[in-house]
Amino acid sequence: MDFSDCEYLGEVHQIIQEKLELPEWYGKNLDALWDAITGIMYVPASIKIIYKPKNKASSELKNEICKIIEVLKEAVQEYNEFTLSVDI
């Protein structure tokens, strides 16, 4: 999932929803992400996050992208049903 061009958090969650094949009712927040990756997402899976901001708006999402990565890392440690690689 490449978030480099995203300028809004909604875009980030849209990519997550599409790439992880989550249902339309995915809540597009950190709690919904946790629920999705620990109970809805098809596993096993390999997830790659790419985030190389291309403009100021993209750069301003860094804290939110890091929170998403932390949720994914925690799920990897707890459930071990997918792998995660991060390219920032």
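Two residues are said to be in contact when heavy atoms of theirs lie within 4.5 Å. This report uses that term in describing a predicted model.

**Contacts of Ser 58**

Ser 58 belongs to helix α3, which covers residues 56–59. Setting aside neighbours within four places in sequence, the contacts of Ser 58 are Ser 4, Asp 5, Cys 6, Glu 7, Tyr 51 and Pro 53. Buried means under 20% relative accessible area. Ser 58 counts as buried because its relative accessibility is 0%.

**Overall architecture**

The chain contains 4 helices and 2 strands. Their order along the sequence is α-α-β-α-α-β. The radius of gyration is 12 Å, close to the 12 Å that the globule rule gives for 88 residues, so the chain is as compact as a globular protein of that length. Along the principal axes, the C-alpha trace spans about 35 × 25 × 20 Å.

Of the 88 residues in the chain, 33% are buried. Among contacts with a separation of 6 or more, 59% are between residues 24 or more positions apart.

**Surface and charge**

The accessible surface of the chain amounts to about 5,400 Å², and carbon and sulfur atoms account for 47% of this area.

Helix α1 comprises residues 9–19, and its buried residues are Val 12, His 13, Ile 15, Ile 16 and Gln 17. In an α-helix, residues three or four places apart point the same way, because there are 3.6 residues a turn. The cover over the buried residues of α1 includes α2 (30–39) and α4 (62–79). After α1 comes Glu 21, which has a positive phi, near 55°.

**Cysteines**

The structure holds 0 disulfides. Cys 6 takes part in no disulfide, and the nearest cysteine sulfur, that of Cys 66, is 14 Å away. Likewise, Cys 66 is in no disulfide, its nearest cysteine sulfur being that of Cys 6, at 14 Å. A disulfide would require the two sulfur atoms to be within 2.5 Å.

| Residue | Relative accessibility | Class |
|---|---|---|
| Ser 58 | 0% | buried |
| Cys 6 | 4% | buried |
| Cys 66 | 30% | partly exposed |

Note on methods:
Residues are numbered from 1 along each chain as its sequence is written. This is a predicted model: local features need pLDDT of at least 70, side-chain atom pairs count only at pLDDT 80 or more; totals for chains, interfaces and linings use all residues. Side-chain values use heavy atoms; hydrogens and water are left out. The radius of gyration is taken over C-alpha atoms; the globule rule is 2.2 Å times the number of residues to the power 0.38. Buried means under 20% relative accessible area, exposed over 50%, partly exposed in between (1.4 Å probe, protein chains only). Accessible areas come from the Shrake-Rupley method with a 1.4 Å probe; for residues, only the protein chains shown count as cover.
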